[in-house]
Amino acid sequence: MPRPPMPLSALPRGAHAVLITSGHLDPHLQVPPLLLANSLIAAFSRAALPRLALPLLRRLLAGAHPLRPDSFTFPPLVRAAPGPASAAQLHACALRLGLLHPNVFASGALVHAYLSLGRVAEAYRVFDEMPERDVPAWNAMLSGLCRNSRAADAVALFGRMVGEGVAGDAVTLSSVLPVCALLGDRALALVMHVYAVKHGLSGELFVCNALIDVYGKLGMLAQARWVFDGMALRDLVTWNSIISAYEQGGKVAAAVELFHGMMESGVSPDVLTLVSLASAVAQCGDERGAKSVHCYVRRRGWDVGDIIAGNAMVDMYAKLSKIDAAQMVFDNLPDRDVVSWNTLITGYMQNGLANEAIRIYNDMQNHEGLKPIQGTFVSVLPAYSNLGALQQGMRMHALSIKTGLNLDVYVSTCLIDLYAKCGKLVEAMLLFEHMPRRSTGPLNAIIAGLGVHGHGAKALNLFSQMQQEGIKPDNVTFVSLLAACSHAGLVDQGRSFFDLMQTVYGIVPIAKHYACMVDMLGRAGQLDEAFEFIQGMPIKPDSAVWGALLGACRIHGNVEMGKVASQNLFELDPKNVGYYVLMSNMYAKIGKWDGVDAVRSLVRHQNLQKTPGWSSMEVKGSVSVFYSGTQTEPHPQHEEIQRELHDLLAKMKSAGYVPDYSFVLQDVEEDEKEQILNNHSERLAIAFGIINTPPRTPLHIYKNLRVCGDCHNATKYISKITEREIIVRDANRFHHFKDGHCSCGDFW
């Protein structure tokens, strides 16, 4: 006998309000029981109240007058499933009641639920068992695979969909297009664009916006602009996508122009627009534009009302090297999330302030509820690498394992870089060998690490393995390879790689590649060829290119060519005191003191400050920093260090060491020159290490400038006298001193 309609007054407590608020029912209606139950379940599902939705199914099945659920009962129930166990129970119930095979909606809901819970295998099983699959079912599977980072599976499923003759819609394209960016597959993006045209979807606003977004993320700006220019209708998402594409693609001036075009078209920007614009004006070096952006954000109240906008302002000022302004914006944020802290940490690192970056990270750790994410590790680990703070970096490595982020490709790349830059190349290689070989990031890091340690041949062998495994190198790969060839003196191989990147991989050289080539030729003494190479460059040589030539001129004592390089550098980067110091040192080395005075006069005239040479060493988790010459604040062990240096000098002389006074750049007496050499920062750090570590243990020294020739020779003697391996990382490379020899073979 059919059950009579139930009045709404008979509903469970709280359900009445939920139903009426959701707009499902009129309070005066008499409702059939199953319709009422379905409406309640749908309302509870939308309100994210599974604890109320699921008991209703039990009431339907186990009441005094059981009701059979229909095709409308299960989809909202499945969406309300709080976990895999609940989803599996609902799946079993639907199978028992025979509601799946004739009902595509219930099956589709199960596919969506399993994928939302990360149960890909179960989702595939339900999907494959569907006798008929409509386009929404395919779309649910495709989007779910993307959410679960199963990009390759999503592509394979799309191929299966096409093979079965199912025509996708705009949602299909919006699900598959992001996969192209995840895989870095430009060809697939073009295929999807052709698919959109073929199926009459290329005019859909939704599809065009997705195409612009994926083309931008893949660096295909010409294609993104072609889609943008062909659109009859553009909305806010369109403008945000194209502005972001140009900003991320390095075409920052064009991004700013597009913003002005957006304003002229009458479309008002939102927070995401301002995020891209802030980054663009910062990269343009436009301080006035940055202030305008900040004022606009403040007028809208976004600086205090939207944390994304506040973080963007911190990032903008940091990129403009206005780190004090970035800190001020950060301090005034009413709420700070982990991204806020990561942004400030990165800002300090971008401005060469590694100690301050670590200080900010330590402050972050004191705030409850802030757990490090991927961006935290990627921001902080380079600071430890820069300072050579191995023990602190190892603690960060342990934390990454605890949080499960150690195998993230970006975090693992930073960890490989950390160990390589801290002289632990064996550990860096072990990390690399346990990494999945699908990304260029870890490969680039280990190739660069091998290069700076002087293992050029190993770096080249690794690149060959990379080619055999089908991993496509990028422009960073070739920067690392060319640098490795430069450090190892592999000129012919370097030339081959420079040609290979263009002819085989279609990579257009950028300034970094040209700088590496000049550095490689210059270090090998081929200064004339290096100069001719610069003259033949299709792009304007930047300060890195001329700086590489100037460094080579200093090594080989070519003052005339050095003057040409320095003149270009003084025009391109007049505030960089390092170039003036290099030229001054070249004059001093040949005793041309009038040239020294002329360069120093330029430095004084521009009120530039010379970067002090320093070396650091970590002992028992504490980093000690030593500066060349007289210390502003003498080290607590100053007297012990001086005694150790005096004893070492006597032993070195007995072993045949002769000081090379050409590396003293002051016009003083010889006994004073000897004292100056003996107080170079790396020697102070070595003496400190000998005093504070057990005999015969390795010493790890980190130096901010290139190690001078005399200190390089002296460290060879010290390594033999003390029977220690001494590992020195200078501005250019690593030097492994052992038994009186250096791994660089005196080529640095």
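Buried means under 20% relative accessible area, exposed means over 50%, and partly exposed lies in between (1.4 Å probe, protein chains only). This is a predicted model: local features need pLDDT of at least 70, side-chain atom pairs count only at pLDDT 80 or more, and totals for chains, interfaces and linings use all residues. Residues are numbered from 1 along each chain as its sequence is written, and side-chain values use heavy atoms, with hydrogens and water left out.

**View 1. The whole protein chain.** The secondary structure comes to 40 helices and 8 strands. Helices (H or I, at least four residues) and strands (E, at least two) are DSSP runs, numbered from the N terminus. Of the 748 residues in the protein chain, 49% are buried. Contact means heavy atoms within 4.5 Å. Among contacts between residues at least 6 apart in sequence, 62% join residues at least 24 apart.

**View 2. Glu 723 in a loop.** Glu 723 is found between helix 40 (709-722) and strand 6 (726-729). Is Glu 723 buried or partly exposed? With a relative accessible area of 47%, Glu 723 counts as partly exposed. Its phi is positive, about 55 degrees, although Glu 723 is not a glycine. Most residues other than glycine have a negative phi.

**View 3. Ser 321 in a loop.** Ser 321 is found between helix 19 and helix 20 (323-332). Here phi is near 65 degrees, a positive value in a residue other than glycine. Ser 321 is partly exposed, because its relative accessible area is 49%.

View 4. Gly 203 counts as exposed because its relative accessibility is 67%. Gly 230 is 27 residues away along the chain, and the two C-alpha atoms are separated by 8.8 Å.

**View 5. Thr 273 in helix 16.** Thr 273 is found in helix 16. At 2% relative accessibility, Thr 273 counts as buried. Which residues does Thr 273 contact, leaving aside its neighbours within four places in sequence? They are Leu 236, Asn 240, Ile 243, Phe 259 and Met 262. Thr 273 and Ser 241 are 32 residues apart in sequence, and their C-alpha atoms are 8.8 Å apart.

**View 6. Thr 413 in helix 25.** Helix 25 covers residues 409-421 and holds Thr 413. Thr 413 counts as buried because its relative accessibility is 17%. Not counting residues up to four places away in sequence, Thr 413 touches Gly 441, Pro 442 and Ala 445.

**View 7. The largest nonpolar core.** A nonpolar core is a set of buried Ala, Val, Leu, Ile, Met, Phe, Trp, Tyr and Cys residues joined through side-chain atoms within 4.5 Å. Which of the 180 residues in the largest core touch the most other members? They are Ile 242, Val 293, Met 316 and Leu 549. Domain 1 (7-23 + 30-132) and domain 2 (528-611) both give residues to this core, so it lies between them. Domain bounds come from an automatic or database domain assignment. Ile 242 touches Ile 212, Ala 224, Arg 225, Phe 228 and Leu 258, not counting residues up to four places away in sequence. Another core, of 24 residues, lies apart from the largest one. Among its members are Leu 645, Tyr 657, Ile 690 and Ala 714.

View 8. On a 1 Å grid over the protein atoms alone, a cavity is a set of points where a 1.4 Å probe fits but cannot get out, and a pocket is an open set with protein on both sides within 12 Å along at least five of seven lines; lining residues have an atom within 4 Å of a point. Grid points are joined across faces, edges and corners, and a volume is the space filled by probe spheres set on the points. The count comes to 3 cavities of 30 Å³ or more. Helix 14 gives the largest share, 4 residues.

**View 9. The second largest pocket.** This pocket contains about 410 Å³ of space. Of its 18 lining residues, Asp 315, Lys 319, Val 339, Thr 343 and Thr 346 are the closest to the centre. Helix 21 gives the most to the lining, with 6 residues.
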